[in-house]
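This briefing goes through one protein structure by topic. Please keep the sequence and the coordinates open while reading.

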Amino acid sequence: MMSLRAVARTAAPRALRAVSASPITLGRATVRATSNVLRTQLSQKTFSTTVFRAAATEIDSELSEKLSTEIGYEQDIASNEPVPATVKDFLENGPFELVDTPGKEDVVLKRTFGNEQITISFSIADLQNYEPGMFDEDTALGDEEGAQNEEDMGEDGGAPVRLNIVIEKPSKGALNIDAVAQDGSIVVDNMFYYHDAKLAHGDSAETQHAAQAVYPGPPFGTLDEDLQVLMERYLEDRGINQALALFVPDYLDMKEQKEYLRWLNNLKGFVDAQ
């Protein structure tokens with residue numbers, strides 16, 4: 001079915017074709033009749049456009065009101081939720097500098113440790129992909145023992161968050177560590193060594209490709225247990241510890257709420273723009 005605008009667009013040319021086919025010698029009556037046809041078609045086109053615009057305006061208004069309601073709801077939540085102690089303590093007493101760019105998913109922590117530069121990055125994408133309440137058979141809902149385990153986890157039972165840890169030394173390359181922060185612990189998955197520290201950051205497709213060609217080493221969990229313990233202590237000395245593991249998911253909860261509120265405001269501003 002053609003839209004009202006399409007009908008209006010096609011009607012006027014047909015009227016013009018009728019005019020061009022009529023001899024000029026038909027006189028004033030023909031000219032007057034033709035003029036009436038044109039006025040009718042133009043009036044219909046104007047009416048059609050007005051109806052379309054009125055409908056669009058009504059929908060825009062409803063959407064804007066709904067966005068305002070959602071914004072108010074999120075603002076109430078934000079104003080009534082205090083900053084978690086894990087976040088406040090880490091930011092006030094921890095050794096890391098926080099880099100959090102509004103509108104971006106990733107968060108970065110930076111610090112200097114002796115002659116080392118340490119960078120830790122993580123993202124709210126992990127929260128968006130996480131589905132709470134996913135338990136195995138031993139901790140299924142309705143199982144008393146599973147429910148007790150959930151209660152015992154308390155605030156530590158948040159979403160697992162992937163950490164990309166880079167430790168650089170001048171002219172000595174970098175360690176690139178893949179880890180997960182969950183339940184108040186840092187669990188290391190893999191540890192890479194790059195002669196060129198740029199490969200650890202993967203700022204371009206070229207560096208990412210070059211990094212993939214480097215021998216990754218064995219999975220961390222397959223290493224000698226004493227070596228694993230010493231590597232974990234090595235990371236703890238650099239502030240990659242329980243305090244970090246507790247901070248990361250709590251901070252991402254706050255950031256996700258802020259980014260959602262920012263997104264709602266941006267969307268409303270676009271809808272309301274004339």
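**Briefing**

Beyond its neighbours within four places in sequence, Thr207 is in contact with Lys198, Leu199 and Gly202. The model is predicted. Thr207 belongs to helix H7, which covers residues 205–212. With a relative accessible area of 18%, Thr207 falls under the 20% limit and therefore counts as buried. The points below take up the sheet, the hairpin loops, the nonpolar cores and the ring contacts.

**Sheet**

- Six strands form an open sheet in the order S1-S2-S3-S4-S5-S6, and the pairing is antiparallel.
- Strand S1 (97–100) and S6 are the edge strands, each of them pairing on one side only.
- From one strand to the next, the twist averages 20°.
- S3 and S4 are joined in the antiparallel sense over 5 bridges. Across this pairing, Ile118 stands opposite Ile167 in S4.
- The antiparallel pairing of S4 and S5 runs over 9 bridges.
- Two bridge partners in S5 can be named here: Ala181 is the partner of Val161, and Ala174 is the partner of Glu168.
- Helix H9 lies across S1, S2, S3, S4, S5 and S6, and runs at about 145° to S2.
- In a regular strand, side chains alternate between the two faces of the sheet.

**Hairpin loops and positive phi**

- The hairpin of S4 and S5 has 3 residues between the strands.
- Ser171 lies in the loop between S4 and S5. Ser171 is not a glycine, yet its phi is positive, at about 65°.
- Is Ser171 buried or exposed? Its relative accessibility is 79%, which is over the 50% limit, so Ser171 counts as exposed.
- Asp183 is found in the loop between S5 and S6. Asp183 also has a positive phi, near 55°, in a residue other than glycine.
- The relative accessibility of Asp183 is 37%; this value lies between the 20% and 50% limits, so Asp183 counts as partly exposed.

**Nonpolar cores**

- The largest nonpolar core holds 31 residues. Which of these residues touch the most other members? They are Ile120, Phe122, Leu163, Leu244, Phe247 and Val248.
- At least two residues of this core come from each of the following: helix H3 (85–93), strand S2 (106–113), strand S3 (116–123), strand S4 (161–169), strand S5 (173–182), strand S6 (185–194), helix H8 (225–236) and helix H9 (242–272).
- H9 provides the largest share of this core, 6 residues.
- Phe247 is in contact with Thr86, Val87, Phe90, Leu91, Leu98, Leu109 and Phe122, leaving aside its neighbours within four places in sequence.
- Phe122, one of these contacts of Phe247, is itself among the residues of the largest core that touch the most other members.

**Aromatic pairs and charges over rings**

- How many aromatic pairs does a search of the whole structure find? The search finds 5 aromatic pairs.
- The ring centres of Tyr260 and Trp263 are 6.1 Å apart, and the planes meet at 20°; this angle is under the 30 degrees limit, so the pair counts as stacked.
- Tyr260 and Trp263 are 3 residues apart in helix H9, so about one helical turn separates them.
- Tyr260 has a relative accessible area of 27%, and therefore counts as partly exposed.
- Ring pairs also link Phe90, Phe96, Phe247 and Tyr251 into a cluster. Phe90 and Phe247, two members of this cluster, are also in contact by the heavy-atom criterion.
- Phe96 has a charged residue over its face as well: Arg111 lies there, at 5.7 Å from the ring centre.
- At Tyr234, the charged end of Arg238 sits over the ring, 3.6 Å from its centre.

Conventions: Residues are numbered from 1 along each chain as its sequence is written. This is a predicted model: local features need pLDDT of at least 70, side-chain atom pairs count only at pLDDT 80 or more; totals for chains, interfaces and linings use all residues. Side-chain values use heavy atoms; hydrogens and water are left out. A nonpolar core is a set of buried Ala, Val, Leu, Ile, Met, Phe, Trp, Tyr and Cys residues joined through side-chain atoms within 4.5 Å. Buried means under 20% relative accessible area, exposed over 50%, partly exposed in between (1.4 Å probe, protein chains only). Helices (H or I, at least four residues) and strands (E, at least two) are DSSP runs, numbered from the N terminus. Contact means heavy atoms within 4.5 Å. Rings of Phe, Tyr and Trp (its six-membered ring) pair if their centres lie within 6.5 Å; planes under 30 degrees apart count as stacked, over 60 as edge-to-face and the rest as tilted. A charge sits over a ring if NZ of Lys or CZ of Arg is within 6 Å of the ring centre and within 35 degrees of the ring normal. Two strands pair if DSSP finds at least two bridges between them. Axes are lines fitted to C-alpha atoms, for helices over the stretch in contact, and angles run from 0 to 180 degrees between N-to-C directions.
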